[in-house]
Amino acid sequence: MKDKISKIKEEAMEEIKDLNNMEDLEELRIKFLGKKGELTKVLRGMGKLSNKERPVIGQMANEVRQDIEKEINNTKESLKKEIQKKKLEKERIDISIPGKNIVLGHRHPLVKTIEELENIFMNMGFSVVYGPEVETVENNFDELNSPENHPSRDLTDTFYITEDILLRTHTSPVQIRVMKENKPPLRIVSAGRTFRFDDVDDTHSPMFHQLEGLVVDENVTMANLKETIDTFIKELFGEDMHTRFRPHYFPFTEPSAEVDVSCFNCKGKGCEECNGTGWSMELLGCGMVNPKVLQNCGIDPDKYSGFAFGLGIDRIAMVKYGIDNIRLLFENDMRFLEQF
Amino acid sequence: MLLPMKWLKDYVNIDLDSKEFSDKLTLTGSHVESIIPLDKGIKKVVVGKILNIEKHPNADKLVITTTDVGEEKLKIVTGASNIKEGDYVPVALVGARLPGGIKIKKGKLRGEESFGMLCSLDELGISDSVIPKEQRDGIFILDKEYPLGTDIKDILGLNGDVIELEITPNRPDCLSVVGMAREACATFDKEIKYPEISIKNGEESISDYVKDIEILDKDLCNRYYAKVIKDVKIESSPLWLQTRLMEAGMRPINNIVDVTNYVMLEFGEPIHAFDLDKIKDKKIIVRRALDSEKITTIDSVERKLNPSNLVIADSEKPIAIAGVMGGLDSEVTSGTETILIEAANFNDKNVRLTSKSLNLRTEASARFEKGIDPNLCEIACNRVCQLIEEIGAGKVVGECIDDYIEKAIEKVITLRTDKVNRLLGTNIDKNDMIDILEGLELKVEEKEECLKVTVPTFRLDLEAEVDLIEEIGRIYGFHNIKNEPLRGALIRGEKSYDKVVEDKVKSILEGLGMNEIMTYSFVSPKVYDKIKLSEDSEKRKCIKIMNPLGEDYSVMRTTLIPNAMDVLARNYNYGVERAFIYEIGNIFIPKELPIKKLPIERKMLSLGMYGDVDYYYIKGVVDTLLERLGILKCKYLREENHPSFHPGRTANIIYKDKVLGVIGEIHPDILENYHIKERVYISELDFDTIIEIANLERQYKPLAKYPAITRDLAIVLDREILVKDIEEKILENGEGLIEKVDLFDVYMGKQIPEDKKSIAFSVTYRSSERTLKDEEVTKVHNNIISKLEETFEANLRS
């Protein structure tokens, strides 16, 4: 009997070696270890054995069962690994094929620019407000101290709806609205659409965008204005950008300045693009709020002072994204919009 | 304005190069836009004398000259026809350089060798717009004999630079060389040297020549100053005068006109010279034009005037449009013998309006319309007389006529020195302030903590304290003001809730693959026809622009749909396969027409798409957007009468009792109007209402603890019955156990009758309190089926 058991073990071990799939392995298990399996058959004959022999054979049979089971399990494991390996190999793909086209929309570059500007100023403590596109002559010109016969009031410069109502030519009327409706301290920016009588060409559009800023408080100085603008320019264009405050004239501020920034192309060294000056011209206009304007809005110019600034958003967007034609901004060609 | 540096240096001692000078001048407020070198790279161009001219043997249009350039006599072939033997001309020698990098080489013209080139002014780089008319065609003939071989640049003054300045409208006084000399003095702390003006007082009196000068409209002419010149000899000006004018951008005409122009450039006062013999009755009347009165101006154009125009007239008719342009009849011509020099002060607004209404802008009108110091009349007029005498163009008659209505007086402004530093954020010393103000020719008197500042009449712009602060600031230099951060309570920058919602909407739409567009706020009134709005549609009540750039930009939009259609059409036309767009923008609703008050500006959201999409695609975008904004339970009500949309594929979106907007497929007629051959889907929503009802608050609901049971349900019923109604019916009968109802199939076709459709739902049952039993769900489900059969005459599909 011992021999029989040993033989079964040998046979089983031998057969296992040649197996290469799970089904055969299961068959083998049934063949040797199943209820009608060979080992079971042998064990059935145990009744004939003597009391002395029985435990010995029993133990041996159990050991053989365990050995076979162990071997089957080991084979099972390695087979599993092999099968998985084969499967993974089969599933090998071309990892260079483009990913599934999951479409995200795009924000308009002008809006992206406006959001960036607004965020910079919000971080600097400015609140974001808005004003209407259709304005009164009073808010757009009169209250801003614009001289009565100033050419910008002409029909060839400004779109009028009636004698007293127009399409705002700048975002500055928001200053008037804010100062009339609120008491200092004020610290706001306002971006939006503006309109001027300009035919469409590469650099002009009858509709364009500006951002206006206004600060009114006690003891606000030109030194504060300079610091604010410098901080903003560095935030927007980088630390290596410098500014130049050139005295200028605006009816609603005094003193007034135009701000040039380092040429975007050469960063101030002087190149063809900046006519060798090193400056990109007229990026921004600013100044101390004219006392007459404060007075017009019911703010005492002896107690309060303030500064205001305005800049062209379209130009900044064009500089930022290297857009060479303003028409692209309003044509809304998908091939253009999808680049942002 | 063009400012020749050489001219400027007559009045102020500048030893800086043009670049440094320009940079510093820019920082005190006179913006130098460019520096233009006069020599333009000219080399080896010298004075030559034409000794001999012979015919060219092989060409009719060419001649062969022998030209003496001092050291040698050169054979030069030229095509010029205006030269004669004995003329002094500019000669570009072999190896010479002309503007634009042109190099002169020895050459052969039709078989004849040529050793150089005779030059025109144009070839010497002088702009055609300033070359004297008689010099425009052909070689430049010098006005007199010069040493042969002299560098032409020395004779024509082609050295040094001209700087181009941007003068702001508040500083008309800077539109002159003297004005800029004052700025330069203030900037560089120099003393100005004004030209010394002296004239010999002639024997006769102006009254012997002019009978009367009368200002009838005193509101439009504050001063009329005049002198008479006799024995006038009209000829070309001396070369120095011509070159100065050309450098400053003006064309030389003749000696008298050139002098008047010279003085205008020098002092900024426009001067006019009349041929006195042509003035009827020797009477000058300054008056408003009569209605339909006519004048032919020196540009030979007949102009119709009206009483808003001021004219200078003789006893019969206008002889000049005041401050704009003289009349042709009284123009100074080669036969003129006696002239009247007019230096007047006209009302700025009136000159501006006249110049605009006649569409006639001149150097004179450009200066008058910005305002001029009336005290300049006398100085400028005398300067003209002096120069005419100096160049021998005539003799000045004694005395003058001066009708001065309201004499300009010097303003006095009180300046608080502490206010200066408080506004600028500086610590400028009082004495430095005084220096700066005095450097600008202001007189300063100290009075305790204040300065009493007297402003010369030429500074029309200085009226208030802040004007003086600006003067101190700019001369001190804005760049010298030390930056300082804003002080005061820490303020947090905020944006409004509206803006927060808008940002959120943009993010959601971006996630849904929609691209943002930006279109004009004004449109063509034709768009309303293009989208077939009915004649009485409210949206046709739009605001018209008085002076539009053209019909395409002439009315304020009342809907965003045409803009969206335009953009889709453009993209379709460009061959873009698929387009998904949205815009958030204002529409303009008049409160009354014609409008008296500002209109209502309402924010709208438009969505548009084409290319492999259908109604359910755009509805999916809108549904998701509204769901994410917490706007739940919107209803879609069929809209069959919107003229822009497909009658069977359009709905109004309703929230409670508010119409949020419209959604649907664009009507084929409208697609045709936009030349789009694909189905287009558009939705327009009232964004202000969306902001109002949006709910961005979120509250957590516990996750389901008990298992769900899902049952499918397929029914066949009339195809007109809306899925929404069936869903409602299912929910209604769910006995509170239905978690959700999902539509998963809609079928219309062969397998079922033509007027029917098959609809399949998957209904999920779940209780939040217990595990549902199969039997109870079956009971509810069966009840729902029978309710559907009852209500919609539906049949259960097996």
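Q: Which residues are linked in a network of salt bridges?
A: In this predicted model, the network of salt bridges links B:Arg171, B:Asp173, B:Glu183, B:Arg459, B:Asp461, B:Glu471 and B:Arg474.

Q: How many salt bridges does the rule count over all chains?
A: The count over all chains comes to 78 salt bridges.

Q: Why is the pair B:Arg287 and B:Glu293 called a salt bridge?
A: The closest N and O atoms of B:Arg287 and B:Glu293 are 2.8 Å apart. The rule asks for a side-chain nitrogen of Lys or Arg within 4 Å of a carboxyl oxygen of Asp or Glu, so the pair qualifies.

Q: Are B:Arg287 and B:Glu293 buried or exposed?
A: Both B:Arg287 and B:Glu293 are buried.

Q: What makes B:Glu538 count as exposed or buried?
A: B:Glu538 has a relative accessibility of 58%.

Q: What labels do B:Arg649 and B:Glu665 get for accessibility, and why?
A: B:Arg649 stands at 35% relative accessibility, so it counts as partly exposed. B:Glu665 has a relative accessible area of 2%, which is under the 20% limit, and is therefore buried.

Q: Why is B:His272 called buried?
A: Its relative accessibility is 18%, and buried means under 20%, so B:His272 counts as buried. B:His272 lies in strand β14 (residues 272-275) of chain B. Leaving aside neighbours within four places in sequence, B:His272 is in contact with B:Gly326, B:Leu340, B:Ile341 and B:Glu342.

Q: What makes A:Thr171 count as buried?
A: A:Thr171 has 0% relative accessibility, which is under 20%, so it is buried. The residue sits in the loop between β3 (165-167) and α7 (173-181) of chain A. Beyond neighbours within four places in sequence, the contacts of A:Thr171 include A:Ser190, A:Gln210 and A:Glu212.

Q: How do you know that A:Thr171 and A:Glu212 are in polar contact?
A: Their side chains are joined at 2.9 Å. The cut-off for a pair of N or O atoms is 3.5 Å, so the pair is inside it.

Q: Why is A:Leu25 called buried?
A: With a relative accessible area of 2%, A:Leu25 is under the 20% limit and so is buried. A:Leu25 is found in helix α2 (residues 22-33) of chain A. Not counting residues up to four places away in sequence, A:Leu25 touches A:Leu19, A:Ile72, A:Thr75, A:Lys76 and A:Leu79.

Q: How far apart are A:Leu25 and A:Leu211?
A: They are 186 residues apart in sequence and 78 Å apart in space, C-alpha to C-alpha.

Q: What does the domain assignment give for chain A?
A: The assignment gives domain 1 (2-90) and domain 2 (109-337). The C-alpha centres of these two domains of chain A lie 89 Å apart.

Q: How many residues of chain B and chain A are in contact, and what area is buried between them?
A: 84 residues of chain B are in contact with 89 residues of chain A. The area buried between the two chains is about 7,400 Å², of which carbon and sulfur atoms give 57%. In chain B, B:Phe478, B:Leu486 and B:Met518 lose the most area to chain A, together 11% of what that side buries.

Q: What makes A:Arg193 and B:Glu583 a salt bridge?
A: Their side chains meet at 3.3 Å, N to O, and the limit is 4 Å, so the pair counts. Across the interface of chain B and chain A the rule finds six salt bridges.

Key:
Residues are numbered from 1 along each chain as its sequence is written. Chains are lettered from A and ligands numbered from 1 in the order in which they are written. This is a predicted model: local features need pLDDT of at least 70, side-chain atom pairs count only at pLDDT 80 or more; totals for chains, interfaces and linings use all residues. Side-chain values use heavy atoms; hydrogens and water are left out. Domain bounds come from an automatic or database domain assignment. Contact means heavy atoms within 4.5 Å. Buried area is the accessible area (1.4 Å probe) that two parts lose on being put together, summed over both. Helices (H or I, at least four residues) and strands (E, at least two) are DSSP runs, numbered from the N terminus. Buried means under 20% relative accessible area, exposed over 50%, partly exposed in between (1.4 Å probe, protein chains only). A polar contact is a pair of N or O atoms within 3.5 Å; within protein, one must be able to donate a hydrogen and the other to accept it, and residues adjacent in sequence count only if both atoms are side-chain atoms.
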